[in-house]
Amino acid sequence: MTESLPRIRILPPTVADRIAAGEVVERPASVVKELIENAIDARAAAIQVEMRDGGLRVLRVSDNGHGIPREDVPLVAEHFATSKIQSAEDLAAIRTLGFRGEALSSIAAVARLELVTRTAGELEGTRLRLLEGKPVVEPAASPVGTSVTVRDLFYNTPARRKFLKSPLREAELVQETVVTYSLAYPSIAFRLIADGRERYAAPPATELERIGLAWGRDVAAEMIPISWEALDLRARGYISRPTVARSRRDAQLFFVNGRPVRAGLLAVMLERPYEGRLPPARRPLAVIHLELDPRWVDVNVHPRKAEIRFAQERSVYGALSRAVEEALSAYPRQEGAATPFWAFPTLAEPALLREEGAEYRSAGGLRALAQLHHSYIVAQTPDGMALIDQHAAHEQILFERLLGSRRSKPLQPPLRLEVTSQEAQRLDSHLPLLAELGIELEPFGSRTFLVRNWPESLPDKEIPAILLALCEELGRVPRSEGELREAVASKLACLSAIKAGDVLSLEAMQGLLDSLEAAWSPATCPHGRPAIITLSLTELERRFGRRQ
Ligand code: ADP
Ligand code: MG
């Protein structure tokens, strides 16, 4: 058995010199990334990650991969010790995730590292500890596979500790790393335990099932497959229908030959075909694999292997765009003469101008039947029923209108707003952003503003209260301009929307449903909560025992 395993060797200086050098271990999540990659390279079917205190006290990654033969164990924490490449030629066509032989030695330099391993051909396992840099190897009980424990990260480099975030945030970053790899490798089981509690458990699954586990089943239901193949280049995976989107790119994952890579231009190529299908500043969700001959990819450009270079950039980006465009072809673009969603009548306007005889605007028509507990709308759909959260739905409608239109209406007479000096400063420094959303404020003395214009899409009630609440939003941690704009729009939408508990007439409910159907992302509110739950006739028939 042992014979067939790749053996660890120290790379000769001629090869080592050609490897992108630099810091590998930045934070607990980067340790986890390296250890997970080692487990995947060892062809593990199950990988378990455990941590305490965000991984700062203890981090352990265990796998059931092929293990390391005892004779090789003393080498693993040496610099440039690897079983994955041998020569400079190998560097040009890397098929494994690791190749630098630097991860374990870098981790051992800044933490207390212990490794326990056994191969299928061995009766007894092996433990490695490093005492003052010297490897101590002894027999140990172990299942087949490898378990690496990293204690007291950065104990000897206090300066590095200063760059870390809170244990809670570090734990989140570890979780993100685990979830990312779990999405790339759905056939591998992943489990994450934090401070003794299971945080994520992913049994072997299909790609779509894994997406459902990581991002929610309702998201998975809105994902469509993409596939595009050329000679030795393939783009495949899942992208979201234009019915769901997020405000950030955090749910766009790209893997090149199974290796997570920074989105960069790939995100631009993914998003281009969505133009006219998603409202501005909304981001599709995606899990995309690019598979190509490893000779076309240079992974040796970044120490943490987060960036890569393509030899045939244009074909790669082209393949991605074409795959996405093809998958989206069934979803019409809103262009030219098409009515933009923000032009639909708002709730505040008088009754709708309904076309004679046409009860619903769209084929997927929602018909309001009743209000439930002054919070939900019960509606009939062509193939069943729906429950709509009146606040979440209205919030989403207003949010989209705010981002889609700069139109504002003058307030006659202008409204006077008195604020504290801190609030005045916040408003002052964000006047252009507010104007972009349709709120025109004119400084009038040091702590007074005149509200001259208000967004056309919002009812003009409770304006002072809304503006004061906005001041709070503006004072929160600095964010990019786009993020702030969305946060403000989302806050405005939330404050202005119908609340749970508001009594609605049937007509108002129907108006809300019509606007919801015209929305880009009717399924969720800006925070991603569901706005609508549907129940099909088939499901009803099944529940009532009318069909199997
Ligand atoms: P690299 O992955 O770049 O080769 P590492 O420092 O991460 O370098 O690991 C050094 C070597 O130790 C690997 O090449 C591999 O042979 C062995 N190794 C590390 N982790 C594992 C594991 N989980 N299972 C089997 N072998 C491992
Ligand atoms: Mg490695």
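I took two strands to pair if DSSP finds at least two bridges between them. Helices (H or I, at least four residues) and strands (E, at least two) are DSSP runs, and I numbered them from the N terminus.

**Entry 1. Conventions**

I worked on a predicted model, in which local features need pLDDT of at least 70 and side-chain atom pairs count only at pLDDT 80 or more, while totals for chains, interfaces and linings use all residues. Residues are numbered from 1 along each chain as its sequence is written, chains are lettered from A and ligands numbered from 1 in the order in which they are written, and side-chain values use heavy atoms, with hydrogens and water left out.

I looked up the strand order and found an open sheet of 3 strands, 21-23-22, with antiparallel pairing. Strand 21 (408–418) and strand 22 (440–443) are the edge strands, each pairing on one side only. On average, neighbouring strands of this sheet are turned by 20° against each other, direction ignored; axes here are lines fitted to C-alpha atoms, for helices over the stretch in contact, and angles run from 0 to 180 degrees between N-to-C directions. Strand 21 and strand 23 (residues 448–455) run antiparallel and are joined by 7 bridges. I noted that Leu-450 in strand 23 has Arg-416 opposite. I also recorded a cis peptide bond between Gln-412 and Pro-413, with omega about -5°; Pro-413 is in strand 21.

Strand 24 pairs with strand 20 (residues 384–389) in the antiparallel sense over 5 bridges, and Leu-387 has Ile-533 as its bridge partner in strand 24.

**Entry 2. Helix 12 and helix 14**

I looked up how helix 12 (residues 421–428) and helix 14 (residues 463–474) pack: the angle is about 75° and the axes are 9 Å apart. The contact involves Glu-423, Arg-426 and Leu-427 of helix 12, with Leu-468, Cys-471, Glu-472 and Leu-474 of helix 14.

**Entry 3. Hairpin and positive phi**

I found strand 9 (residues 189–194) joined to strand 10 (residues 197–202) by 5 bridges, running antiparallel. The two form a hairpin with 2 residues between them, and Asp-195 in the turn has a positive phi of about 45°. Arg-191 stands opposite Ala-201 in strand 10. Asp-53 has a positive phi of about 50° although it is not a glycine; I located Asp-53 in the loop between strand 2 (46–52) and strand 3 (58–63).

**Entry 4. Ligand 1**

I listed the distances to oxygen atoms of ligand 1. A polar side-chain atom of Asn-38 lies 2.8 Å from one such oxygen atom. For Phe-99, a backbone N or O atom lies 3.0 Å from an oxygen atom of the ligand, and for Leu-104 a backbone N or O atom lies 2.9 Å from one.

How values were computed:
Contact = heavy atoms within 4.5 Å. Polar contact = N/O pair within 3.5 Å; in protein donor to acceptor, adjacent residues only side chain to side chain.
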